[in-house]
Amino acid sequence: MKNIYTTIIAIFRTALLSLLLTTVAQNTSAQSVGLVLSGGGAKGLYHIGVLRALEENGIPIDYIAGTSMGSIIGGMYASGYTIEEMEEVALSGDMVRWVSGGIDQKYNYYYRERDKIVDMVSLPVTTNNEGREIDIPRFKLPGSVMGTSEIDLALCNYFTQPSAAARGDFSRLMIPFFCVATDIENHKAVELHRGNLALAIRASMAIPIAFPPVEIDSVLMCDGGCYDNFPWRAMVDNYNPDIIIGVSCVATHERIDDDASVIEQAMALITAPSDFNLPEGRSVFIQRAVDASMLDFSAAAEIMAQGYNDAIAAMPQIRDLTARRIAPGMFDKRRKVFRGEWPASKMGKITVTGLRPKQKELAEMTLNMGHNKERDTLPLTAAQMGENYLTMLANLPLKSEFPTIELNRATNRYDVAVELNTMPNFDISIGGNISSTAFNQAYIGLKYRWIGRVMQSIEADILLGPVHTMARAKGRTTFIKDKPIYLYYGYNFNITNTLKGNFGNLSLVDNAEQMRTMENYLSLSVGSALSRKSIVDATLHVGRNGYRYNMEEYEKRQYTHFSYLGTQLSVERTSLDKPLFPTSGSRFVASAIYVYGRDERNTPGDHIDAIRKWFGAKLSWEQYIDFAHNGKFSLGYALEGVYTNHPKLDSKEATELSAPHYAPLLHSRMVYMPEFRADRYFGFGVMPTVRIIDNLYARLSLYAMMRDRYNNKIMHYMSDLSLIYHTPIGPVSLALTKYDLHTKNNLYLTLNIGYAIFGNKGLFY
């Protein structure tokens, strides 16, 4: 009897245990988790830290919904990107560059920048009638503060392949996903579940004023945060998960401060209040009002750490709600499986719309650079197409709508559709230099450009100042090839006058003299871009220089005129990060010249008329090394060597004025110092630079020049200690400059605001 009782008890226990296990298994398998990520611009990097904490603790995520930056982070995670990959993007500085609104300088062709005068302000003027009967020039304000070419391309690079693997259905991503945008016309939130994933995320993050809106299915859309910055209700309506983990990087009742940016003020005005009241008993809310502006990505590491720490603090509550766990290796296994379904990144047909036929032909040729059309054996990769796309926008007067890149399943390649529009074709540039010395300048430039099968521009520059005056008219015709070929032509008029004015001297000056040089010359060049940052060209100058100076034997100032024909062959390469006071990159120049001319001077009882000719060569190398790899300290060095058989002109002064000039410092280009003008010389210098705070630098420059004996010396020195602050319209520099280190003389203090401008020399060196 006892055995029967024991058996019945055992069977009952077994049945009860089985029932309990089955019930737990059913509840566990049925339990689903939805992750909701708010918008917030740069604050949204907080979500990456939260995702790291969730993944490390094996918390499952079955659905993701996001708005604005939450859509980017959520979309990347749903697409199979690892936490490490997202952290790398956040810390790389790419996001900082993307929201700057420009295109990385590495995509600019140097031949376009070589003779450009750097301005403070450029005003585009639209002159095409755009369908109106009368062609009326007008100023046209941009529709947004920031350009999005780099952001658009980045989103295409990150999301085109996952979107193709999911066949445009976001629920078929590695993790089902949707994002929220705003229908501008109907003033309502719109959920995006399918279509072009990159375009959907771009719509969700289109912060008004900052970024232009995009069109999806004929609906103009902008940032989803305007009407639903925390889409937990949309998550419930679509997936109704058992558990909701909500993550917000903004205050639940965010207030605007007095120092808020224009963009933040605009968002505060148009953003509807968000509902942060998650359902009780089935949700966890991880929230922090991250202290950062919407577009400040410089504190990425700190923001991600805050997200991680807050998620770890909330982990006991999350663990109590979620019985399921994901084994550590399962996350990576799941990613590997989904990413294995991504179609290979090879470009197919590239189509351009929105341009005239000849312009369209030029744009398509630029986008197809490197593609073997004849044999079709070298399809462009996404990286190559992206390079071509940004190169086109950086160098041609074109702007692009969001590019469409979609998989053509018949060819298994991605077809690209790009809608382009011409930029305003007339620019007015304003700039110059405000100085504590006589070197004040006012500059205005006019530029007109157009494109057909070639790119054409004509420009006029006028620079006025008591020391340096310039007028220039020029044009350039560019034939777009794999290596562009350009033809440059222009007229130049320069006057340099150190006859009067103060140059900031604090002590006795015994190395500067009063001189006046006037240059008139025509210029013609033909060249090619060996790469985006290097050129080779041949130049012809035909001109006449006038030199005015004192001669001891005459009471009045004398003139020498030199009419000439000069040629130059040069190779140049540059990667310097700034046109003035660079801190990274390098520059190399090698050139050879030949000059043939007539030297003339008429003075009472003295007439000189003689043929002068010479040749010369020049090599220079300048480099800045960022030793700390964070921009805080760089060491620059420069080498320059010149050799010519420059002849003597009719006077010592005219000979020096026409000789090659060593002027590595800004101040040394403002004054006339004969010891730094020589037929042959070698110069070298070092320039350590320290960043004090963002955009504020201290630089010490030490230079030495070795030349033939002048004033019983073959070595001549100059040094400079500068404080430099880079502003959006140009640098502000305060410099203490010293020449001839053996005496107390020749010490200068100068303040300059803006870009000091110097014309090119007709005699090249």
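Me: Which residues of helix 2 are buried?

Reply: Burial is read from relative accessible area, where buried means under 20%, exposed over 50% and partly exposed in between, with a 1.4 Å probe and protein chains only. The buried residues of helix 2 are Tyr-46, His-47, Ile-48, Gly-49, Val-50, Leu-51, Arg-52, Ala-53, Leu-54 and Glu-55. Because 10 of the 11 residues of this helix (residues 46-56) are buried, helix 2 is largely enclosed by the rest of the structure. Helices (H or I, at least four residues) and strands (E, at least two) are DSSP runs, numbered from the N terminus.

Me: What should I keep in mind about the model itself?

Reply: This is a predicted model, in which local features need pLDDT of at least 70 and side-chain atom pairs count only at pLDDT 80 or more, while totals for chains, interfaces and linings use all residues. Residues are numbered from 1 along each chain as its sequence is written, and side-chain values use heavy atoms, with hydrogens and water left out.

Me: How many bridges join strand 18 to strand 19?

Reply: Two strands pair if DSSP finds at least two bridges between them. Here 12 bridges join strand 18 (residues 468-479) to strand 19 (residues 485-497) in an antiparallel arrangement, with Gly-475 opposite Tyr-489 of strand 19, and a hairpin of five residues links strand 18 to strand 19.

Me: Which residue of strand 20 is the bridge partner of Ile-485?

Reply: In a regular strand, side chains alternate between the two faces of the sheet. The bridge partner of Ile-485 in strand 20 is Ser-528, and strand 19 pairs with strand 20 (residues 516-531) in the antiparallel sense over 13 bridges.
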